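Take a look at the model below.

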Amino acid sequence: MTLAKGPSPLSSSGPRSPGRNRQVADLLLEVRGLSVDYGFGEDAVHAVDDVSLTIRRGEVVGLAGESGSGKSTLAFAVTRLLRDPGVITGGEAVFYEWPEGSYRAADTGGIAAQPRAVDLLTDDREVVRAIRWSDIAVVFQSALHALNPVLRIGRLIDDVLKTHEKGMSRAQRKARAEELLELVGISADRLSSYPHELSGGMRQRVMIAVAVALNPSLLVMDEPTTALDVVIQREILESLMELREKLGFSVLFITHDLSLLIEIADTIAVMYAGRLVEKAPAKALFRAPRHPYTYGLTRSFPSLHGDKKTMTGIEGSPPDLRKVPSGCPFHPRCAWAMDICAKQDPPVLTLHDASGTREVLCWLQDGAHEIPPELNKVPPAAGSAAARPSMRGTT
Ligand code: SF4
């Protein structure tokens with residue numbers, strides 16, 4: 001394993017225009033140094049603290065962490081849906097708008113097509129609004145609350161198409177609505193149903209159908225299956241992955257359940273107290289975590305596949321964001337905390353091993369400290385079958 005110390009390349013304030021010295025061939029969303037507070041001054045709560053994250057075309061990125069870690073705030077901020085008293089205090093969220101139909105590098109012959117870069121945080125509100133519907137779609141947790149209870153499903157989908165696909169005739173819109181429902185595994189005759197006539201799983205599928213109605217290149221899903229039982233949850237995830245294969249969109253999937261992400265994500269980022277503490281290829285992060293908090297998460301949820309593990313959870317509770325502990329905010333709960341942990345913020349460390357590159361925010365990984373065996377396991381090699389996400393298992 002090799003190690004590079006210092007700020008992450010993703011958090012540097014380099015040029016953002018495509019075509020300059022950054023690899024934009026596959027970039028879709030590039031979040032750099034994002035910070036979000038709730039409130040102002042001394043009472044401000046730092047909900048997201050200097051977070052950097054990239055999503056490439058066709059990639060599924062999972063964002064994990066306990067409640068209050070800043071996952072949803074990050075999603076609301078980058079989609080410009082943050083409400084008062086949320087305030088973006090720093091950073092960028094650059095969305096690369098690729099020519100239609102070129103969701104993956106292979107579709108464009110690699111770097112032939114050039115995207116338009118839009119900063120979702122600062123560019124004109126109308127530009128961002130248009131992108132939010134046509135290029136970035138958002139699926140929220142509770143489909144029952146997101147769907148209008150007095151509108152039939154068909155009317156809901158029709159409204160979206162009427163607003164954004166002005167050239168479509170009524171018959172074309174109806175045909176498209178039927179196609180969308182069938183895409184998510186619901187019979188077209190359900191277009192005449194009201195939301196309360198559908199099960200929880202069907203309502204969430206309808207939300208996904210609405211989200212993909214305009215062929216977005218990025219789907220942001222905020223705890224979309226949390227309220228559903230595990231069987232329905234799994235069916236929805238399978239449908240989602242099939243849809244992604246067909247339509248080619250990328251996904252930012254937010255959940256507190258790390259074991260769920262192992263099934264679908266290419267990359268997983270873990271947040272704690274507003275900070276991104278580890279980011280790595282999904283299987284490598286799950287099998288060989290480098291951060292003590294990630295290790296705790298892997299022992300908090302049983303995996304559907306693979307060896308049985310004793311679930312130990314994580315001692316203590318997440319910090320009150322109004323009084324975040326000094327140094328590493330995880331130190332009061334960390335079994336491996338050292339003197340330095342309470343005094344100094346750990347740097348972002350970039351590690352390289354057989355699984356690829358990962359970023360870790362922990363003093364243990366700085367090369368000057370002995371790493372406990374639990375945080376020094378051998379990860380699956382990049383490209384191996386064991387390293388790829390699969391709905392069929394992790395073994
Ligand atoms: Fe634990 Fe220290 Fe690493 Fe924080 S920096 S996770 S307290 S070892």
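Helices (H or I, at least four residues) and strands (E, at least two) are DSSP runs, numbered from the N terminus. Residues are numbered from 1 along each chain as its sequence is written. This is a predicted model: local features need pLDDT of at least 70, side-chain atom pairs count only at pLDDT 80 or more, and totals for chains, interfaces and linings use all residues.

**Confidence.** pLDDT is the predictor's confidence in each residue, from 0 to 100. The protein chain has a mean pLDDT of 84. Of its residues, 84% reach 70 or more. Over residues 1–23, pLDDT stays under 50. Where pLDDT is low, the predicted coordinates should not be read in detail.

**Backbone details.** Asn 215 lies in the loop between helix 6 and strand 8 (218–222). Asn 215 is not a glycine, yet it has a positive phi of about 55°. Pro 85 sits in the loop between helix 1 (71–78) and strand 5 (86–97). A cis peptide bond joins Asp 84 to Pro 85, with omega about 5°.

**Helix packing.** Axes are lines fitted to C-alpha atoms, for helices over the stretch in contact, and angles run from 0 to 180 degrees between N-to-C directions. Two residues are in contact if their C-beta atoms, placed from the backbone, lie within 7 Å.

| Pair | Angle | Axes |
|---|---|---|
| Helix 4 (residues 153–164) and helix 5 (residues 170–183) | about 120° | 9 Å apart |
| Helix 4 and helix 6 (residues 200–211) | roughly 20° | within 10 Å |

Helix 4 and helix 6 are therefore roughly parallel to each other (angles under 35 degrees count as roughly parallel, over 145 as roughly antiparallel, 65 to 115 as roughly perpendicular and the rest as oblique). In this contact, Ile 153, Leu 156, Ile 157 and Val 160 of helix 4 meet Val 206, Ala 209 and Val 210 of helix 6. By class, these are 7 nonpolar, no polar and no charged residues. Here Ala, Val, Leu, Ile, Met, Phe, Trp, Tyr, Cys and Pro count as nonpolar, Asp, Glu, Lys and Arg as charged, and the others, Gly among them, as polar.

Toward helix 5, helix 4 uses Gly 154, Ile 157, Asp 158, Leu 161 and Lys 162. Their partners in helix 5 are Arg 173, Arg 176, Ala 177 and Leu 180. This contact has 4 nonpolar, 1 polar and 4 charged residues.

**Ligand shell.** Which residues come nearest to the ligand? Of the 14 around it, they are Cys 328, His 331, Cys 334, Cys 341 and Cys 362. A residue is near if its C-beta atom, placed from the backbone, lies within 6 Å of the molecule. The shell has 12 nonpolar, 2 polar and no charged residues.
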